[in-house]
Each structure stands twice: as structure tokens, then as C-alpha cells.
Amino acid sequence: MVRRTLTRQDISEALFRHVGLSKHESAHMLETVLDQISNALIDGKSVKLSSFGTFTPRQKRERIGRNPKTGVAATINARRVISFKPSKLMKERINKSEKN
Amino acid sequence: MIKSDLIRKLAEDNPHLYYRDVEKIVGTIFDEIIIALENGNRVELRGFGAFSTKDRKARRARNPKTGSDVDVNQKTVPFFKCGKGLRQKLNEA
């Protein structure tokens, strides 16, 4: 099977098909959803979407890392990252289809 | 924030849409992402992040409670990589 990368356009297209929104409004609604999730994460809140998964912002401390190519030690600054924990349903769906 | 909070906020900001349509919009977006991953595809939402899958090999693990060996089958797990735009905004404050 040929692997494909879906983009905003594919999801907007699905909204147009399933919900009947105009292409313009589909794109706008998708953007709004992504913005709402991003803003909650930036505010330090986790976002829990049942049957999909949970996004959680995490604080990482400063640590000493190494450039894997050169082996030179370098400080990795303290930073915030997002962790995503997929729901049980999502994991099951992905495994069911891969077995075919 | 949970899914119903997200739906309520979107419904408030878009009074021209029915509540049930907003529910359908949110449902469709996340379902499309899962369908793409089910089909072995990836989903790239620039500025937000990308969803993909990773294959995990079969391995012999241990039940931490009893210490007995357990065989874990080969499996595929979903993976999310935060996008550049979101990563920068997270670290601006």
C-alpha cells in the first residue's frame, strides 16, 4: 500500500462531505478546533478527547545532552513539550486494521 | 478541557451552526485522523503537529507484579509529534 500524508485539505474535504459545510467554512472550523486545543495547552491545561486521546503539556528540566553526530555535550534548555496518550479505542482500531 | 468543553466553545463562537452540527464537525475531524492512521497514512497539520504510527516488535516482557514472562505481540502504536508553531508558542511565555 502506498503511504499518503493527509493535510488540512483532506480533513476540510471530509467536513464538506459529512457535515455539508462549505469548503471555506470547513477550513475555518478545522482551524478553530486546532486553535482551541493549542490555546488550552499553552495555558497549561490538558485536553482530553474521549475515544481519541489526551494531550498534556509537560515541563522538562534543563539537562546535559549530547549531539549524536559529533558526541559533543550540550545543555538542553528547560522547555515545555506536549505528550499525547492515545485512547484505548484508537489503539485498538489501528491494530485491527494493520492485521489484515 | 474535554471534548464537550471544546464543542460548547465552538458552538458559542459560531451561533449560525446547530449544536449537533458542531458535534459532528468535531467528531469528523478526529475520526478522519484515526481512519488515516488505520490505513497506514499519516496526518500532518502544519503548525499544530503530525499524527503517524510506529511499529513495535514482538518482545518478551515481564509481569511486574508476579515476575513471570509474558509474550507481547508485534503491534502498531499511534504517535503525535508537536509542530513547530505550537512548540514555539508553548515556550514563549
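This is a predicted model: local features need pLDDT of at least 70, side-chain atom pairs count only at pLDDT 80 or more; totals for chains, interfaces and linings use all residues.
**Entry 1: helix α2 of chain A**

I started at A:G44, which sits just after α2(A) and takes a positive phi of about 85°.

Next I backed up into the helix itself. Helix α2 of chain A runs over residues 23-42, 20 residues in total. From first C-alpha to last I get 28 Å, close to the 28 Å expected at 1.5 Å a residue.

Which residues of α2(A) are buried? I listed A:E25, A:S26, A:M29, A:L30, A:T32, A:V33, A:L34, A:Q36, A:I37, A:S38, A:A40 and A:L41.

**Entry 2: chain A as a whole**

I then zoomed out. Chain A has three helices and six strands, and along the sequence they come in the pattern β-α-α-β-β-β-β-β-α. Its radius of gyration is 19 Å, well over the 13 Å that the globule rule gives for 100 residues, so chain A is more spread out than a compact globule.

I also boxed the C-alpha atoms of chain A along the principal axes and got roughly 55 × 40 × 25 Å. Of the 100 residues in chain A, 34% count as buried. For contacts in chain A with a separation of 6 or more, 30% come from residues 24 or more positions apart.

**Entry 3: A:I94**

Where is A:I94? I found A:I94 in helix α3 of chain A, residues 88-98. Buried or exposed? A:I94 counts as buried because its relative accessibility is 0%, and the cut-off for buried is under 20%.

I checked what A:I94 touches, leaving out residues up to four places away in sequence, and wrote down B:L37, B:E38, B:T53, B:T76 and B:P78. I also took a distance within chain A: A:I94 and A:V72 are 22 residues apart in sequence and 39 Å apart in space, C-alpha to C-alpha.

**Entry 4: the largest pocket**

Last stop was the largest pocket, with a volume of about 300 Å³. It is lined by 15 residues, and the closest to its centre are A:I82, B:F79, B:F80, B:K81 and B:C82.

Which elements supply at least two residues each to this lining? I noted β6 (79-86) of chain A, plus β2 (49-56) and β5 (75-82) of chain B. Sorting the lining by class, I got nine nonpolar, one polar and five charged residues.

Methods. Residues are numbered from 1 along each chain as its sequence is written. Chains are lettered from A and ligands numbered from 1 in the order in which they are written. Side-chain values use heavy atoms; hydrogens and water are left out. On a 1 Å grid over the protein atoms alone, a cavity is a set of points where a 1.4 Å probe fits but cannot get out, and a pocket is an open set with protein on both sides within 12 Å along at least five of seven lines; lining residues have an atom within 4 Å of a point. Grid points are joined across faces, edges and corners, and a volume is the space filled by probe spheres set on the points. Helices (H or I, at least four residues) and strands (E, at least two) are DSSP runs, numbered from the N terminus. Ala, Val, Leu, Ile, Met, Phe, Trp, Tyr, Cys and Pro count as nonpolar, Asp, Glu, Lys and Arg as charged, and the others, Gly among them, as polar. The expected span of a helix is 1.5 Å times one less than its number of residues. Buried means under 20% relative accessible area, exposed over 50%, partly exposed in between (1.4 Å probe, protein chains only). Contact means heavy atoms within 4.5 Å. The radius of gyration is taken over C-alpha atoms; the globule rule is 2.2 Å times the number of residues to the power 0.38.
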